Amino acid sequence: MKTSHLPLLLVALGVSTLAAAQPDTRFDVQLFRPSAGPQDLVVVTQSRPLSHATVAAGPYFSYSLNPLTLIPEGGDLEKISLVGNRLQLDVMAMVGLFDWGEVGVDMPLILAQGGQNLEVIGTEGSVESFVLGDLRLTGKVAIPGLRRPAEGEGFGAALTLNVSFPTGAQDAFAGEGEMTWAPGLVLDYRFGNGILLALNGGFWKRPDRVFGGVQLGDMMPFGVGAEVPILRGSGVMALGMVNGAVGLKKAPGQERQVPAELLIGLRWYSSTGLTFTFGGGAGCGCSLASPTLSFFTSIIWIPAKTREWEALERFKEPPEPPPPPAPLVDPDGDSVIGVGDRCPDVPGPVENAGCPDLDRDGDSVVDRLDKCPDEPANSRGRDGCPLARRDGNKIVILEQVNFATDQDVILSESFIILEDVARVMNENPEVDRIIVEGHTDARASDAYNLELSRRRAASVMRFLVESGVAAERLCSQGFGRSRPLSNNETKEGMALNRRVEFTIQPPSEGPRPPCPEDPSADKKGKRGRPKAPVSSPKAGSPAPTP
């Protein structure tokens, strides 16, 4: 005999062969084993024990459809419902001990059950209708450090132990015929919004037996459940559970027994001390003890005004919302509020974090926008910087000096830049001398560019002399294309390379030395004379540098 994966239990056997060969080794087919804890998730327990000395008691009614049905091999005969339906009452009670543990008792009573003739398993007539089940004792102990109050949130954990005594009618599939026991572990987590997730696991010691060719014995029970508040203030909750067990023993070639049920329900924690729960579900059809459908309802009572009642009432109260933030004040009236105002007692613009704008150089450009905050810009300057300023060993200009194409003639648009260079020279008499350097891009020949850069540097020097700078404080020098700043492959790069620079010579202790020799001088050292006369590029050469 073997099981199948259809919604109902499928046992492949010949009816007459089974009746002759199999002994009467019956077992308890009831998978539904509820808990009396008012906050336990019906068949999945949660970690919190009852409050100390609090009693919880009440009935659980459950109805199972087809908990044990056989289907003969070949399909010539109809299925045989050995236990076609069962109505069971679990009378339960529980007491809390020191807020750390609880003990309880469950007395199952089969109120009614029915099925077809049991001759297929060697007995005439149907299953007995009104019988007792196995008496079950339960216990739970919270794990230190993981004991959570009813209204609390966070992780919780507990150890459990169930012991069943052989008081049930084994012939009626209502008992195991001997004592069984099941230690277990509970892990759960309660969220701040009241949602509870619980996980159960353990070991179930059962007697070894064979029923219809299926090996039965020890199992590993499991359960996963959730409680979700629907109307928390009114105590209305939704429940969901998966409950089952994995068989640890099986005959060769036999599929493993995994009885399991999916259950959903609703619960109401009333303020009278009564907890009402009802719901239903279906079995997976993968074991001898998975019903097709099942329904349950219960009424669990705890005395009003007890510590457990008070705990449940606190749980029903939604958590208090956080206090509203303190009103933000703006003592300086600058519309920058709170920690964003770095100067809370002095008004300032939002752009400066509520602090007043400063202008250290007094050029009417505030420091946060001034690119030269320590040097005032004149009327010709830009972004708080003058057109020319001293920076280290250089006089830096904001714009390049522009010349007529292929000439050393300075364009008028650059006059104001050079006038600012003259101003810097005259305002800094400690600057002993500057070298006016001419540079070009890489177009045209080396000789052509060298001569052009020399002539342009000399033109700039003459302009500075005419602007009031002493001639002895100036030198000019051309470098052609020998000192590029950027790549000459792009227009932007060539524009950077065509430039005039002003380099400050360090002061000398004795008499001022002569100007450095111009690289364009010939081997005899004559300044301004190239090695060969150059007036224009040769035919076919690149265009001259502008």
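## A walk through the helices, cavities and salt bridges

Let's start with helix 4, which covers residues 446–466: it has 21 residues and reaches 31 Å from its first C-alpha to its last, close to the 30 Å expected at 1.5 Å a residue. That expected span is 1.5 Å times one less than the number of residues in the helix. Just past the end of helix 4 sits G468, with a positive phi of about 105°. Helices here are DSSP runs of H or I with at least four residues, strands are E runs of at least two, and both are numbered from the N terminus.

Before going further, a word on what you're looking at. This is a predicted model, in which local features need pLDDT of at least 70 and side-chain atom pairs count only at pLDDT 80 or more, while totals for chains, interfaces and linings use all residues. Residues are numbered from 1 along each chain as its sequence is written, and side-chain values use heavy atoms, with hydrogens and water left out.

Now for the empty space inside. Rolling a probe the size of a water molecule over the atoms shows where such space is left. Here, a cavity is a set of points, on a 1 Å grid over the protein atoms alone, where a 1.4 Å probe fits but cannot get out, and its lining residues have an atom within 4 Å of a point. Grid points are joined across faces, edges and corners, and a volume is the space filled by probe spheres set on the points. The structure holds eight cavities of 30 Å³ or more.

The largest cavity has a volume of about 640 Å³. Its lining is made of 41 residues, and R33, V43, R136, N162 and P221 lie nearest the centre. Several strands each supply at least two lining residues, including strand 2 (80–97), strand 6 (154–165) and strand 12 (236–247). Strand 7 gives the most, with seven residues. By type, the lining of the largest cavity divides into 20 nonpolar, 16 polar and five charged residues. In this count, Ala, Val, Leu, Ile, Met, Phe, Trp, Tyr, Cys and Pro are nonpolar, Asp, Glu, Lys and Arg are charged, and the others, Gly among them, are polar.

The second largest cavity has a volume of about 170 Å³. Of the 19 residues that line it, R206, M219, P259, S287 and A289 lie nearest its centre. This lining splits into nine nonpolar, six polar and four charged residues.

R206 also leads us to the salt bridges. It pairs with E176, and the closest N and O atoms of the two are 2.5 Å apart. This pair links distant parts of the chain, 30 residues apart: E176 is in the loop between strand 6 and strand 7, R206 in the loop between strand 8 and strand 9 (209–211). Both E176 and R206 are buried. Buried means under 20% relative accessible area, exposed over 50%, and partly exposed in between (1.4 Å probe, protein chains only). A salt bridge is a side-chain nitrogen of Lys or Arg within 4 Å of a carboxyl oxygen of Asp or Glu, and the structure holds 30 of them.

R481 lies 35 residues away, in the loop between strand 19 (474–478) and helix 5 (491–497). D446 is partly exposed because its relative accessible area is 47%, and R481 counts as partly exposed at 30%. Finally, D408, E451, R454 and R455 are linked in a network of salt bridges.

Definitions and conventions. On a 1 Å grid over the protein atoms alone, a cavity is a set of points where a 1.4 Å probe fits but cannot get out, and a pocket is an open set with protein on both sides within 12 Å along at least five of seven lines; lining residues have an atom within 4 Å of a point.
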